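Open the model in your viewer and keep the sequence panel beside it. The stops below say what to select and what to look for.

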Amino acid sequence: MKFTLINNIEKDSAMSLILKGFLIFIFLYLIADVLVMKSSFGISIETINTTLFGNEETYADPLTESAFLEFWHTQIFFIMMVLLTLNAIFIRVAKRSRVILTNMLMISAISSLISLALAFYMSNIFVNIYLFTFSTWHAVAVYMIFYSFWKLNAKSI
């Protein structure tokens with residue numbers, strides 16, 4: 001996190017290169033996150049409901065509470081690490097609308113985590129909210145990655 005202490009990122013070409021590489025890794029994580037969710041948990045309302053609550057017609061067992069809490073715990077950790085680091089980079093390179101995008105990203109990510117827990121413990125209506133907020137924070141994060149990469153590339157030339 002040395003880049004948070006550097007006054008002028010555009011004059012430090014080595015740090016700019018490191019940040020570009022880090023942004024690529026965050027982008028790869030987001031792609032992998034969607035693919036893992038698709039194959040293991042589901043990214044549609046039907047598949048998420050089947051994973052959480054089971055399905056008698058297909059003989060799918062519901063997710064146990066311990067398995068859900070383990071999944072939820074790892075999601076909280078990885079989302080926190082990725083988003084806090086991405087926000088630190090984005091805030092350094094963006095001048096306009098950084099408050100709006102940063103808040104939108106964090107609120108949608110936290111909402112996705114909360115709605116997933118509410119869907120498991122309270123009602124499957126929260127699956128719709130989870131799916132929307134999961135998609136929202138991924139889309140905003142991808143935009144922030146491309147914008148930050150573009151700004152770092154423009155400053156290093």
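Start with Tyr59, which is exposed at a relative accessible area of 75%, above the 50% cut-off for that class. Tyr59 sits in the loop between H2 and H3. Check its backbone: phi is positive, about 60°, although Tyr59 is not a glycine. Most residues other than glycine have a negative phi. Keep in mind throughout that this is a predicted model.

**Whole chain**

Zoom out and colour by secondary structure. The protein chain has five helices and zero strands, in the order α-α-α-α-α along the sequence. Its C-alpha atoms fill a box of roughly 60 × 25 × 20 Å along the principal axes. Of the 157 residues, 39% are buried. Among contacts between residues at least 6 apart in sequence, 70% join residues at least 24 apart.

**H3 against H4**

Select residues 65-93 for helix H3 and residues 98-121 for helix H4. Their axes come within 11 Å and cross at roughly 180°. Because angles over 145 degrees count as roughly antiparallel, that is how H3 runs relative to H4. The residues in the contact of H3 with H4 divide into 20 nonpolar, three polar and two charged.

**Aromatic pairs**

Show the aromatic side chains next. How many aromatic pairs does a search of the whole structure find? The search gives 13. A pair of aromatic rings is described by the distance of the centres and the angle of the planes.

Select Phe41 and Phe71. Their ring centres are 4.6 Å apart and the planes meet at 10°, so this pair is stacked. Phe41 belongs to helix H1 (residues 13-41) and Phe71 to helix H3, so the pair ties together parts 30 residues apart in sequence. Are these two residues buried or exposed? Phe41 is buried at 4% relative accessibility, and Phe71 is buried too, at 18%.

Move to Tyr143 and Tyr147. The ring centres of this pair are 6.1 Å apart with planes at 25°, so the two rings are also stacked. Both tyrosines lie in helix H5 (residues 126-156), four residues apart, or about one turn of the helix. Tyr143 is partly exposed, with a relative accessible area of 44%.

Then select Phe68, Trp72, Phe120 and Tyr121 together: ring pairs link these four into a cluster.

**The nonpolar core**

The largest nonpolar core contains 38 residues. Select Leu52, Leu86, Leu105 and Trp137, the residues with the most contacts inside it. Which elements give two or more residues to this core? They are H1, helix H2 (45-53), H3, H4 and H5. H5 supplies the largest share, 11 residues.

Now centre on Leu52. Leaving aside neighbours within four places in sequence, Leu52 is in contact with Phe41, Pro62, Leu63, Phe68, Leu116, Ala119, Phe120 and Val127. Phe41 in that list is the residue whose ring is stacked with Phe71, while Phe68 and Phe120 are members of the ring cluster.

**Asn49**

Finish in helix H2, where Asn49 is found. This residue is buried, with a relative accessible area of 17%; the cut-off is under 20%. Beyond its neighbours within four places in sequence, Asn49 is in contact with Gly54, Asn124 and Val127.

How values were computed. Residues numbered from 1 in each chain as written. Predicted model: local features only at pLDDT ≥ 70, side-chain atom pairs only at ≥ 80, totals over all residues. Heavy atoms only, no water. Axes fitted to C-alpha atoms, helices over the stretch in contact; angles between N-to-C directions. Parallel < 35°, antiparallel > 145°, perpendicular 65-115°, else oblique. Nonpolar A, V, L, I, M, F, W, Y, C, P; charged D, E, K, R; others polar. Phe/Tyr/Trp six-rings, centres within 6.5 Å; stacked < 30°, edge-to-face > 60°. Buried < 20%, exposed > 50% of the residue type's maximum accessible area, 1.4 Å probe, protein only. Core = buried A, V, L, I, M, F, W, Y, C linked by side-chain atoms within 4.5 Å. Contact = heavy atoms within 4.5 Å.
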